[in-house]
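Subject: Structure for you to look at

Hello,

Here is the structure I promised. Please open it beside this email and follow along.

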Amino acid sequence: MQPLSGKNSSLVEVSGMPLAVIDARQLFGNASGVVIMHGNETYKLTRTKQNKLLLTKCHNEVVDVSSGLRHI
């Protein structure tokens with residue numbers, strides 16, 4: 001993982017691809033997880049008891065982005 005010199009410091013290069021760097025503390029805040037909307041798919045990113053990250057695809061859940069709180 002190499003920082004891209006002379007460019008945005010929040011980008012690194014991995015296997016020739018520029019990738020964004022996001023600190024997990026900023027991403028989670030005080031929450032135990034985050035929901036990621038990707039097109040028509042919904043994913044849940046959570047922290048395990050071992051402080052590892054787990055990305056799970058949410059199946060059969062309906063997410064209404066206009067209602068505020070979502071049930072997943």
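Start at the hairpin of E2 and E3, which has two residues between its strands. Ser15 takes a positive phi there, near 50 degrees. Strand E2 covers 11-14, and strand E3 covers residues 17-20. The two pair in the antiparallel sense, over four bridges. Look for Glu13: its bridge partner in E3 is Pro18. Two terms need their cut-offs. Strands pair if DSSP finds at least two bridges between them. Helices (H or I, at least four residues) and strands (E, at least two) are DSSP runs, numbered from the N terminus.

Before you go on, note what kind of model this is. It is predicted: local features need pLDDT of at least 70, side-chain atom pairs count only at pLDDT 80 or more, and totals for chains, interfaces and linings use all residues. Residues are numbered from 1 along each chain as its sequence is written, and side-chain values use heavy atoms, with hydrogens and water left out.

How confident is the predictor? The average pLDDT (the predictor's confidence in each residue, from 0 to 100) is 79 for the protein. A score of at least 70 is reached by 69% of the residues. Among the elements, strand E1 (residues 2-3) has the lowest mean pLDDT, 53. E6 has the highest, 95. Where pLDDT is low, the predicted coordinates should not be read in detail.

Now the overall layout. The protein has one helix and six strands. Along the sequence the pattern reads β-β-β-α-β-β-β. There are 72 residues in the protein, and 11% of them are buried. Buried means under 20% relative accessible area, exposed means over 50%, and partly exposed lies in between (1.4 Å probe, protein chains only). The accessible surface (Shrake-Rupley method, 1.4 Å probe) comes to about 6,200 Å². Carbon and sulfur atoms hold 53% of that surface. For contacts (heavy atoms within 4.5 Å) with a separation of 6 or more, residues 24 or more positions apart account for 7%.

Next, the sheet. Three strands form an open sheet in the order E4-E5-E6, with antiparallel pairing.

E4 and strand E5 (residues 41-47) run antiparallel and are joined by six bridges. Val35 stands opposite Lys44 in E5. Met37 stands opposite Thr42 in E5. The hairpin of E4 and E5 has two residues between the strands. Gly39 takes a positive phi in this hairpin, near 65 degrees.

Which charged residues pair up as salt bridges? The structure holds two salt bridges (a side-chain nitrogen of Lys or Arg within 4 Å of a carboxyl oxygen of Asp or Glu). Side chains of opposite charge can pair when their charged atoms come close.

- Arg25 pairs with Asp23, and their closest N and O atoms are 2.6 Å apart. Arg25 is exposed, at 64% relative accessible area. Asp23 is partly exposed, at 30%.
- Lys57 pairs with Glu41, with 3.3 Å between the closest N and O atoms. This pair links distant parts of the chain: Lys57 is in strand E6 and Glu41 in strand E5, 16 residues apart. Lys57 is partly exposed at 34%, and Glu41 is partly exposed at 31%.

Two more residues deserve a click. Ala24 sits in helix H1 (residues 24-28). Ala24 is partly exposed, with a relative accessible area of 29%. Ala24 and Leu53 are 29 residues apart in sequence, and 9.2 Å apart in space from C-alpha to C-alpha.

Ser10 lies in the loop between E1 and E2. Is Ser10 buried, exposed or partly exposed? Ser10 is partly exposed, at 30% relative accessible area. Leaving aside residues up to four places away in sequence, Ser10 touches Leu19, Ala20 and Val21. Ser10 and Ile22 are 12 residues apart in sequence, with 7.5 Å between their C-alpha atoms.

Best wishes
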